[in-house]
Amino acid sequence: MKRALYLVLACTVAGSVGGCSLFGSWWGPKRAAWRSKAESACLSSGAVVPGPDVRPMGEYDGPGACGADRPFKVSAVGRSYKVPLSKPTDMNCPMVAAVDSWLERIVQPQAMAQFGQPVVGVEHMGTYSCRNISGHRQMSEHAYMNAIDVSGFKLADGRTVRVKSGWRSADASEANFLRAVGGDACQDFTTVLGPGANAAHQDHLHLDLARHSKGRRVCRGGDIPVPQGGRMFSFFKDDSIITGSIGEGSKSGGLDDGWADDADIEE
């Protein structure tokens with residue numbers, strides 16, 4: 001009896017600092033099936049190659065439905081050229097692949113176009129956090145290692161372009177660079193939120209791979225046209241910021257298991 005009580009106490013403590021597979025697998029809610037399928041497909045495709053900068057972690061389960069099946073501890077991102085992160089962080093396989101693609105196809109070409117030099121470091125504010133979306137009951141994509149908040153980019157000359165100070169900078173190259181890498185990020189991610197989205201994203205670009213209803217994407221990482229009547233009214237309209245299509249949408253028009261409501265985007 002005492003041994004069982006010790007086990008429960010140990011898992012409670014573990015859950016408070018990261019997770020415990022006992023509660024995540026047996027007693028807690030299950031992660032949506034599509035998440036496991038996405039991880040398996042990514043791993044099988046070879047899109048992510050393990051190495052010193054991308055180390056397999058094994059299953060990370062709980063508390064609750066939080067975690068991922070086979071995530072990675074990532075210290076650098078990119079395909080042909082690895083760029084160090086400001087601190088190592090946890091990401092699932094699809095996120096690693098998406099960040100690698102975004103950095104190589106969009107970020108680096110824009111850095112060369114605007115500054116004539118590459119990005120040699122990426123600052124971020126975190127990936128994994130077992131919590132709800134701010135102000136909502138729905139879990140954040142951060143809870144599944146399926147999101148990253150990027151706050152800045154270090155250039156080869158040592159200069160750092162930060163979202164907070166560069167978005168409205170008098171230096172057109174900084175502003176143009178940030179709007180370009182944020183605006184085009186929806187080619188690789190299904191949710192992109194930046195300073196143009198709301199006050200919560202004034203200092204970073206939120207990038208994730210959530211599944212939205214009808215397979216749509218939420219793209220608020222670049223400039224948003226001001227509609228007639230003022231910018232405030234744009235928060236009540238989705239048609240100007242939803243674009244693209246991935247996977248299969250909701251057949252009934254409602255939400256499938258594990259799919260995110262397009263309105264619930266304040267990550």
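This is a predicted model: local features need pLDDT of at least 70, side-chain atom pairs count only at pLDDT 80 or more; totals for chains, interfaces and linings use all residues.
Residues are numbered from 1 along each chain as its sequence is written, and side-chain values use heavy atoms, with hydrogens and water left out.

The structure contains 3 disulfides, a disulfide being a pair of cysteine sulfur atoms within 2.5 Å. Such a link is a covalent bond between the sulfur atoms of two cysteines.

The angle about its S-S bond is -70 degrees, and the link of Cys42 and Cys93 is left-handed. Cys42 belongs to helix H3 (residues 33-45) and Cys93 to helix H4 (residues 93-115), so the pair ties together parts 51 residues apart in sequence. Helices (H or I, at least four residues) and strands (E, at least two) are DSSP runs, numbered from the N terminus. Cys42 and Cys93 are both buried. Buried denotes under 20% relative accessible area, exposed over 50%, and partly exposed in between (1.4 Å probe, protein chains only).

Cys66 is joined to Cys130, at an S to S distance of 1.9 Å. This link of Cys66 and Cys130 is right-handed, with 75 degrees about the S-S bond. The pair connects distant parts of the chain, 64 residues apart. Cys66 sits in the loop between strand S2 (60-61) and strand S3 (67-68). Cys130 sits in the loop between strand S6 (119-124) and strand S7 (147-155). Cys66 counts as buried because its relative accessibility is 1%. Cys130, at 34% relative accessibility, counts as partly exposed.

A disulfide also forms between Cys186 and Cys219, their sulfur atoms 2.1 Å apart. The torsion about the S-S bond of Cys186 and Cys219 is about -105 degrees, so this disulfide is left-handed. The pair links distant parts of the chain, 33 residues apart. Cys186 lies in the loop between H6 and strand S9 (191-193), and Cys219 in strand S11 (residues 217-220). Both Cys186 and Cys219 are buried.

Helix H6 covers residues 172-183, 12 residues in total. From first C-alpha to last, H6 reaches 16 Å, close to the 16 Å expected at 1.5 Å a residue. The expected span is 1.5 Å times one less than the number of residues in a helix. Buried residues of H6 are Ser173, Glu174, Ala175, Phe177, Leu178, Ala180, Val181 and Gly182.
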